[in-house]
Amino acid sequence: MRESYLFTSESVSEGHPDKVSDQISDAIVDLFLSKDPEARIACETLTTTQLVVLAGEIRCKGVYENGAWADGAQAEIEATVRKTVKEIGYEQDGFHWDKFEFINRLHGQSAHIAQGVDAGSNKDEGAGDQGIMFGYATDETPDLMPATLYYSHKILERMAADRHSGKAPFLEPDSKSQVTLKYEGSLPVACTAVVVSTQHAPGYDEGDKQAELHAYVKAVVADVIPPVLLRETEYHINPTGSFEIGGPDGDAGLTGRKIIVDTYGGAAPHGGGAFSGKDPTKVDRSAAYITRYLAKNIVAAGLATRCTIQLAYAIGVSKPLSLYVDTHDTGTVGDDAIEAAIMGIAKLGGLTPRAIRTHLGLNKPIYRKSAAYGHFGRKAEGDHFPWEKTDLVDDLKAALK
């Protein structure tokens with residue numbers, strides 16, 4: 001590993017057009033799971049100027065059965081979509097929660113997919129798709145996340161909170177951040193650059209108002225990033241000048257286009273599958289959550305300071321095809337021993353899709369909160385973010401004795 005290097009991660013706000021799409025898709029997942037915990041959902045969302053389109057495949061008792069919608073179901077879907085956009089804060093001429101055109105093109109799940117995924121008399125429930133999924137943890141931050149992404153998220157979370165509270169009324173919903181850190185060994189020692197581009201009210205691109213916006217952003221950064229890292233930081237705040245037109249009016253949004261923002265900011269591999277809009281039978285989502293859970297617990301247990309985990313599945317097959325653990329030469333025991341320990345912990349059930357959902361409690365309407373500011377590094381509260389718990393530490397230690 002290099003002794004000195006620069007590394008960068010970015011984040012995007014809840015008002016970024018792709019994140020608007022992600023939040024709508026996950027609001028639909030939550031709606032259907034609240035009706036039927038065994039619902040099947042694959043909901044994609046397109047957002048653009050005064051338009052929201054839903055597309056995908058579903059199966060949900062009491063909502064969509066035998067090729068038909070239940071009474072009132074489509075109206076409830078539309079109300080959920082508009083409520084989501086309203087909560088984000090879009091009341092603009094180019095994108096307004098109460099004025100955009102809404103098109104629902106969700107339809108029934110393919111019977112050929114269902115036959116492979118559903119459990120039967122002679123088979124356990126299979127994975128909802130083939131693919132590879134990765135989890136990661138590092139001791140760089142208290143949340144065991146890469147510091148570059150951790151700070152990028154925190155900057156935008158603070159700005160969104162100030163926008164919603166009225167503390168920063170000149171901010172509009174769409175924004176992006178980017179943090180570059182200098183590392184010595186495995187530890188960040190300096191923040192060399194911060195980029196923040198935020199949609200703003202008219203007039204905040206010149207003169208005193210521009211200076212106010214710039215001073216506000218620098219104050220947020222100073223609150224989020226430790227002062228010891230900010231001694232020689234270069235700032236790029238709205239480097240293009242004006243950013244009044246934003247959100248879906250400024251650029252079309254699609255579900256699943258911010259998979260690196262959603263995960264580890266480029267510090268770890270990614271299998272390519274998005275999370276939002278998918279029910280937890282889709283291992284793109286559930287297996288990515290369990291690998292984060294495992295990696296985090298390995299680091300929390302002191303078995304490594306950095307850990308990457310990969311799982312692989314075949315559609316319709318319950319048993320994972322492979323489990324791979326890499327502690328990047330920081331482990332206190334062999335990576336193969338950790339792999340064996342994981343597969344030997346009974347409560348993990350051999351990491352089948354059903355066992356993952358059961359252990360983490362994923363068949364619940366818990367996903368809208370995950371659709372902005374990262375799926376990982378969040379606080380486990382109630383039913384939300386169970387993959388962030390460190391309740392497997394003792395089991396790992398016991399299995400490795």
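Guide: The crossing of helix α1 and helix α2 is right-handed. Please keep in mind throughout that this is a predicted model.

Visitor: At what angle do α1 and α2 pack, and how far apart are their axes?
Guide: Helix α1 (residues 17-35) and helix α2 (residues 73-88) pack at an angle of about 135 degrees, and their axes are 9 Å apart. That angle makes α1 oblique to α2.

Visitor: Which residues meet there?
Guide: From α1, the contact involves Val20, Gln23, Ile24, Ala27, Ile28, Leu31, Phe32 and Lys35. Their partners in α2 are Glu76, Ile77, Thr80, Val81, Thr84, Val85 and Ile88. By class, the contact of α1 with α2 has ten nonpolar, three polar and two charged residues.

Visitor: What about α8 and α10, at what angle do they pack?
Guide: Helix α8 and helix α10 (residues 353-360) pack at an angle of about 60 degrees, with 10 Å between their axes. They are therefore oblique to each other. The crossing of α8 and α10 is left-handed.

Visitor: Which residues are in that contact, and how many are charged?
Guide: Val283, Ser286, Ala287, Tyr289, Ile290 and Tyr293 of α8 meet Pro353, Ile356, His359 and Leu360 of α10. The contact of α8 with α10 has eight nonpolar residues, two polar and no charged.

Visitor: Moving on to α9: which of its residues are buried?
Guide: In helix α9 (residues 335-344), the buried residues are Ile338, Ala341 and Ile342. Viewed down the axis of α9, they fall within an arc of 100 degrees, so they line one face of the helix. On the other side of α9, Asp336, Ala340 and Gly344 are exposed.

Visitor: What does the buried side of α9 pack against?
Guide: The buried residues of α9 pack against α8 (283-300), β14 (306-313), β15 (322-326) and α11 (393-399).

Visitor: Since β14 came up, is Ile309 buried or exposed?
Guide: Ile309, which is found in strand β14, is buried, with a relative accessible area of 0%. Leaving out residues up to four places away in sequence, Ile309 touches Met133, Phe134, Gly135, Thr291, Leu294, Ala295, Ile298, Leu323, Tyr324, Val325 and Ile342. The C-alpha atoms of Ile309 and Thr327 are separated by 8.6 Å, with the two residues 18 apart along the chain.

Visitor: And Arg105, where is that?
Guide: Arg105 lies in strand β8 (residues 101-108). Arg105 is exposed, with a relative accessible area of 55%. Apart from neighbours within four places in sequence, Arg105 is in contact with Leu54, Ala55 and Gly56.

Visitor: How far is Arg105 from Pro269?
Guide: Arg105 and Pro269 are 33 Å apart in space, C-alpha to C-alpha, and 164 residues apart in sequence.

Visitor: Next, backbone geometry. What is phi for Leu144, and where does that residue sit?
Guide: Leu144 has a positive phi of about 60 degrees, although it is not a glycine. Leu144 is found in the loop between β9 (131-138) and α4 (147-165). Leu144 is buried, with a relative accessible area of 12%.

Visitor: And what about phi of Asp329?
Guide: Phi of Asp329 is near 65 degrees, a positive value in a residue other than glycine. Asp329 is found in the loop between β15 and α9.

Visitor: Buried or exposed, in the case of Asp329?
Guide: Asp329 is exposed, with a relative accessible area of 84%, whereas Leu144 is buried.

Note on methods: Residues numbered from 1 in each chain as written. Predicted model: local features only at pLDDT ≥ 70, side-chain atom pairs only at ≥ 80, totals over all residues. Heavy atoms only, no water. Buried < 20%, exposed > 50% of the residue type's maximum accessible area, 1.4 Å probe, protein only. Helix = DSSP H or I, 4+ residues; strand = E, 2+ residues; numbered from the N terminus. Arc of directions from axis to C-beta. Contact = heavy atoms within 4.5 Å. Axes fitted to C-alpha atoms, helices over the stretch in contact; angles between N-to-C directions. Parallel < 35°, antiparallel > 145°, perpendicular 65-115°, else oblique. Left-handed = near helix turned anticlockwise from the far one by under 90°. Nonpolar A, V, L, I, M, F, W, Y, C, P; charged D, E, K, R; others polar.
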